[in-house]
Amino acid sequence: MNSHQAAEATRAVTRDWARGYESQHHEYTLELSAAEGRIPPELHGTLYRNGPGLLDVAGVPVHHPFDGDGMVAAVHFEAGRAHYRNRMVRTAAYLAEQRAGRPLFRGVFGTQLPGGLLTNAFNLRLKNIANTGVLAWGERLLALWEAAEPHRLDPTTLETLGLDRLDGLLGEGEPFAAHYHIDPACALDGGQPALVNFGMRVGLNTTLTLFEFGPDFDLRRHHAYQLDGFAFLHDMAITPNYVLFIQNPIRYDPLPYAFGLQSAAQGLRSLPDAPSTIIVIPRQPGVGRVRSFRAPNGFVWHHVNAYEDRDDLVIDSIWYDSYVGISPETDFRTINVTTLPPGRLARTRINLRTGSLERRFLGERCCEFPTLHPAAVGRPYRYAYLCAGDAPSGNAHLQAIWKVDLTTGAEQLWSAGPRGFVGEPIFVPRPDGPTSEDSGWLLVMVYDAARHESDLVILDAQQLHAGPVARLPLGHHLPHGLHGTFRQAVSR
Ligand code: CO
């Protein structure tokens, strides 16, 4: 391929990817059937996933996909059948804008109101768009957005029941992050599972609140910390005794936002010469102190996992060379991602006794949206599953599912390319054993640009290269998503 052909191929992939960000205006309730393979009859439970459903408000396009109104999709599996439903999260902002027939709010990541400076100046109202994550815990199903309180949904119909302040635990507008983690056997709670989440209020300094809940959403631990300066923390990682955050060197200049020149997140700037900081907080309040460790420069959205290894803490994350925002004059739909820094899998090892820290890259393939076996969260583990580029290096759109054996370095890849794009894989353990850590399925939503439709693809986590166990066409497209979860059915 010559350079002209390569450039045209890149443009074609970009066009395909951008179509996957067209709004989905319809809400469906469907039985899915397999166009390939068959649904494993032992697969029993519900996949939930969240992401932007509308990428425009009354025809005015959003400037950043993270500003799209949240849409939750659910696929319920039982006895070899699959039932699908997608619903908008009916947030107050969504309902108000649909009624008004025009945008009323500015988006965090870039969407400005039409009307320019005068409309945007000092209009600091942000929209809680409930589009980032989804949590099924206790009786609740919650649509999450990291900068405000969650929305509660009916777990079966996905009807929006309203804001959920967790029985008064959260104040008005108080954030409950989109990246909770579930400790499968919490030592502090006698081995019961625990839900661990955080909330972050940013300003000149940052207040970080940690929450832990028992299986009935009963509050077990709740504590707050002040961090020096501005922190942009999207994800965290847990071990049996600690919560870990990576605070990247980011400066925030709020003035252009307040004056209406740009969106809140467009005030974020990577500081190229400053270190990152790894913050280690004991999960048991009042036991031990908060510690911070100097780490290399870079930017992290997501962690795969963390664990304790004698004196060491190990945290695996996707590292970028710097934060990339979308400037006011750029249309995200046309960005040539091959010019941007790739996210790469890296393992950081911290010695708690000596304070030394070492980061080692585990591969050159660009990747994002890591997952693992839910029973391995916070423990030494062997397998990571990620969305990845088709090529072994360089930045690209995420078209493949990549399995990495962290013990041997062996890899497997399944690609939805050249015209398919993958979302976060969700690992579902086989209910009937064997107990091998990769015994289970990966549920992956795939957008196929050739048909402008999405498919739910089921892969065998032990043999990605064998191709799908089943492919279930939705018959419509679901815009590229963010995060999801699987609720195993309780066996009776
Ligand atoms: Co995320």
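How many of the 8 residues of S24 are buried? In this predicted model, 7 of them are, so S24 is largely enclosed by the rest of the structure.

**View 1. An open sheet of 4 strands.** The strands follow the order S22-S23-S24-S25, with antiparallel pairing. S22 (299-309) and S25 (357-361) form the edges; each has a single partner strand, so one side of each lacks a neighbour in the sheet. From one strand to the next, the twist averages 20 degrees.

**View 2. Strand S24 and its partner S23.** S23 covers residues 312-320 and pairs with S24 in the antiparallel sense over 8 bridges. Within this part of the sheet, leucine 313 is opposite isoleucine 350 of S24.

View 3. Threonine 348 has arginine 359 in S25 as its bridge partner, and arginine 347 stands opposite arginine 360. There are 5 residues between the two strands of the hairpin, and glycine 355 in the turn has a positive phi of about 80 degrees.

**View 4. The largest nonpolar core.** This core has 40 residues, of which Phe198, Leu208, Leu233, Phe245 and Tyr381 touch the most other members. S22 supplies its largest share, 4 residues. Beyond its neighbours within four places in sequence, leucine 233 is in contact with Phe198, Met200, Leu208, Leu227, Phe245, Ile246 and Gln247.

View 5. In soluble globular proteins, nonpolar side chains tend to be buried together.

Note on methods
Residues are numbered from 1 along each chain as its sequence is written. This is a predicted model: local features need pLDDT of at least 70, side-chain atom pairs count only at pLDDT 80 or more; totals for chains, interfaces and linings use all residues. Side-chain values use heavy atoms; hydrogens and water are left out. Two strands pair if DSSP finds at least two bridges between them. Axes are lines fitted to C-alpha atoms, for helices over the stretch in contact, and angles run from 0 to 180 degrees between N-to-C directions. A nonpolar core is a set of buried Ala, Val, Leu, Ile, Met, Phe, Trp, Tyr and Cys residues joined through side-chain atoms within 4.5 Å. Buried means under 20% relative accessible area, exposed over 50%, partly exposed in between (1.4 Å probe, protein chains only). Contact means heavy atoms within 4.5 Å.
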